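Dear colleague,

I am passing on the structure below, together with some notes on its interfaces. Please look it over before reading on.

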Amino acid sequence: MNFDPRYSGRNFSSVGTRPIRPDGVDKVTGRARYGADFNMAGQLVGRVLRSPHAHAKITKIDTSKAEKLPGVKAVITAADLPDLTDGDASMYDVLDNCMARGKVLYDGHAVAAVAAVDARTARQALKLIEVYYEILPHVTDVDEAMKHAAPLINDAIFTEGLEEKPVKPSNVTKRSQFGHGDVHQGFGHADFIVERSFKTEQTHQGYIEPHACVANVSSDGTADLWVCTQGHFVYRQHCAQLLGLEASKLRVTSSEIGGGFGGKTHVWAEPVALALSRKAGRPVKLVMTREEVFRASGPTSATSIDVKIGARKDGTITAAEATLRYTSGPYAGMWAELGAMTAFACYKLDNVKTVGYEVLVNRPKTAAYRAPSAPMAAFAVESAVDELAKEIGIDPVEFRIKNAAQEGTRASYGPVYGPIGIGPTLEAAKHHPHMKAPLAKNQGRGMACGFWFNFGGQTCTDLNIGMDGTVSLAVGTVDVGGSRASLSLVAAEELGIDYSHVKAIVADTSSLGYNDMTDGSRGTFSSSMATISAARNAIKVLRDRAAQMWDIPVDDVIWENGQAIAKGEKYGNLSPLSLKEIAAQSGKTGGPIAGHSELVADGAGVSFATHICDIEVDPETGATRVLRYTVIQDAGKAVHPTYVEGQYQGGAAQGIGWALNEEYIYGKDGRLQNAGFLDYRIPVCSDLPMIDTQILEIPNPNHPYGVRGVGETSIVPPLAAIANAVSNAVGVRMTHIPMSPPRILAALEAEG
Amino acid sequence: MAGVAVSTTINGDSVEYLCQPDETLLDVLRDRLGLTGAKEGCGTGDCGACSIILDDRLVCSCLVLGAEAEGRRVETVEGMAHGDRLHPLQQKFLEHAALQCGICTPGFLIAAKDLLAKNPDPTEEEIRFGLAGNLCRCTGYDKIVRAVQDAANVMKGA
């Protein structure tokens, strides 16, 4: 669906307003039901036994004592989840991650599970399961894992993407490369070159709601799954495949979701809960503890990145190069590839080359985290860009403006850009009052840019018009932060009715066609496209019914401002028919009125942001405090501006936590040492200032209203923006994230 | 294990229940009494999603035993609205979009109610430190702080 230029001059009546969300009252009164808030009659409590070792062979599992404990109704191991993946390597990894098969690959890897009548019995049963391990050497550091002498995590892995197939296995699953031009020649034309190496530690999405589900498998092969997920249709497919169920017989209902940020896009506990329920013949509720969430669910990659950028005296970048190494946990991933694609996406470059290496380590399987892989690449590149601007003696904003990608630029990862927002966000930053605010001693200002692709994907939506003229909108993209409000606005806009007459719900997998999950900032982008299409299909029906009521040809009926109008002077005496009037007569004119839409939402417009921040470093403690923060980002068209602001602010806060505090800390034994919110400290209210936002609207040419995804880009710039601010405040270039007090103190001391 | 008989007051109503000696008040509220507004985000008192008010004191219900509620007054998010009339904090959280996923919201509402009861006119800094025991991963806290400021103004005028 292309952008309709008529909309750019149009005054929207619903889109762009800020009504209260339809699920709001339930959420402030405690009535909204999340993953752990649902129960079934006769339900058992599920619990998972996890490996205490980073890398070990399982020589034997004895479950007999646990099985005999009164109240235990099922005990399962990998033997209860036979391999049905039929050669699908990535699904096999998912299966192995749900329940270790022969080898445990990280501290926290599931080895067995029980279902019992209550939590205490389940906990006791876990203690009675005897697992015999043969401990193997492990590796958790990305650079160590790439060395030739590193312990091998999977001896069937031979690096893909090399010119010659390697003769020896390694922990590098894949090499990928992007770029164009000739960087060697480009560096030859540079007057200044900056070359730096960076590291970032592994972080967790940190959603406040632990993974939770209730599974119920019947002996006739039908099953129900209630679960907090970003994609219930994807969970259905994966669970059905792993359990040998028919997808249509597994109904998955997505609960309210207490945060996901990419971490609830993969199955972990759900196939285990289904297998337990199948074996016990009763419903099973499985809720992870916070410790399990940290040890066993989706962290992001730890990285090691080298960047080299060269520029002429006039500030033109002549060449840019980066080598990016990303951990993917013990299974193959495409995280470095995403980092390599995004690294230089903000810039117009004649000569650019990025190389990514996917590295296996004994850590949990890497999962997506908001603009996955882009923040680390941006940290390295935007830090180096600032250093280069300093060497040339040019203002960092001007330097970026001079080199910013534009419409028609070939992106460093391949495609040619349409209309994009990087230049406008930089211009807005340049003129923002924040840039001129005074700074005191030990304070500094930094800025940085960020990019994310955005995604569209398969989408299916139903719009049903009730006989009272109100509208039910059933969507299949999980609402992670207010999309039911924005999609109701879009339906109201298209139909020409009031927002309060639309009620949006997220339908279960048996009630609606397949939808990809809510990832890639696609929720409002893709489902609004499908909602517009469904509404337009409903309008066709409404026009037809009005034509019947008037007994005139349908071609003479137009739809305007929520009503059917008979076109032409010959119908001068026919007063318009409102949606409500047509709906009231639907039983006599052909039955229920509805509009449906099934589409692939192609053309998600790429997204750019520029962030500005002021920080203060305490030279005594090395602690850094964020004093002021501004986010400027292109939304294409903000459907519900308050929730767009919320996405900008939330992403910035996560980026600030990543920049300053958050990291997985592993001991020499390969065990995670800070699996809790006390020691893995995410930003709290008193850590942050207000986060100012500025929404720019550069229409996405592939969406009828110009909408772009807005959810992810805001986490990309903060790491570098804060590092640049620290550099400007106290003169040290921080190359290791997080910039925790000990690292800042060490850097200050080294500087002398 | 023998159960403990407990008589307590929850949101103004007399309630009696049997619980295990090692069972948390959070588990009692959620699993025995069906009051699932308080959430378990960590079980270790670090996230504040299970916040309740126990005899005028803000506590994490995951750190209180069910048996300890004997003879005391418990306030949960379910008791904040009067019939269909929302508490000003609830109303302002909606108007300011101070929630995205909403899992932390019951805890924030209870903590903010406790804060405003003790300090009806807090500064931004006092709000930020007053709510520092509650984690939110979605909002960056900006809209939460504004909602509490706005609610404080409304409640002062009331």
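Between chain A and chain B, 24 residue pairs are in polar contact, both residues being at pLDDT 80 or more; a polar contact is a pair of N or O atoms within 3.5 Å, where within protein one must be able to donate a hydrogen and the other to accept it, and residues adjacent in sequence count only if both atoms are side-chain atoms. On the side of chain A that touches chain B, at least two residues each are supplied by α2 (24–29), α19 (641–660) and β26 (691–696), and the largest share, 9 residues, comes from α19(A); helices (H or I, at least four residues) and strands (E, at least two) are DSSP runs numbered from the N terminus. By class, this side of chain A has 26 nonpolar, 16 polar and 9 charged residues, with Ala, Val, Leu, Ile, Met, Phe, Trp, Tyr, Cys and Pro counted as nonpolar, Asp, Glu, Lys and Arg as charged, and the others, Gly among them, as polar.

Please keep in mind that this is a predicted model, in which local features need pLDDT of at least 70 and side-chain atom pairs count only at pLDDT 80 or more, while totals for chains, interfaces and linings use all residues. Residues are numbered from 1 along each chain as its sequence is written, chains are lettered from A and ligands numbered from 1 in the order in which they are written, and side-chain values use heavy atoms, with hydrogens and water left out.

As to extent, 51 residues of chain A are in contact (heavy atoms within 4.5 Å) with 47 residues of chain B. The area buried between the two chains, meaning the accessible area (1.4 Å probe) lost on putting them together, summed over both, is about 4000 Å², and carbon and sulfur atoms give 58% of it. In chain A, the residues that lose the most area to chain B are A:V28, A:C685 and A:M690, which together account for 19% of what that side buries. The rule finds 5 salt bridges across this interface (a side-chain nitrogen of Lys or Arg within 4 Å of a carboxyl oxygen of Asp or Glu), and A:R120 forms a salt bridge with B:D22, with the closest N and O atoms 3.0 Å apart.

Within chain A, domain 1 and domain 2 bury about 1500 Å² between them, 59% of it on carbon and sulfur atoms. In domain 1, A:T509, A:Y514 and A:M517 lose the most area to domain 2, together 41% of what that side buries.

With best regards
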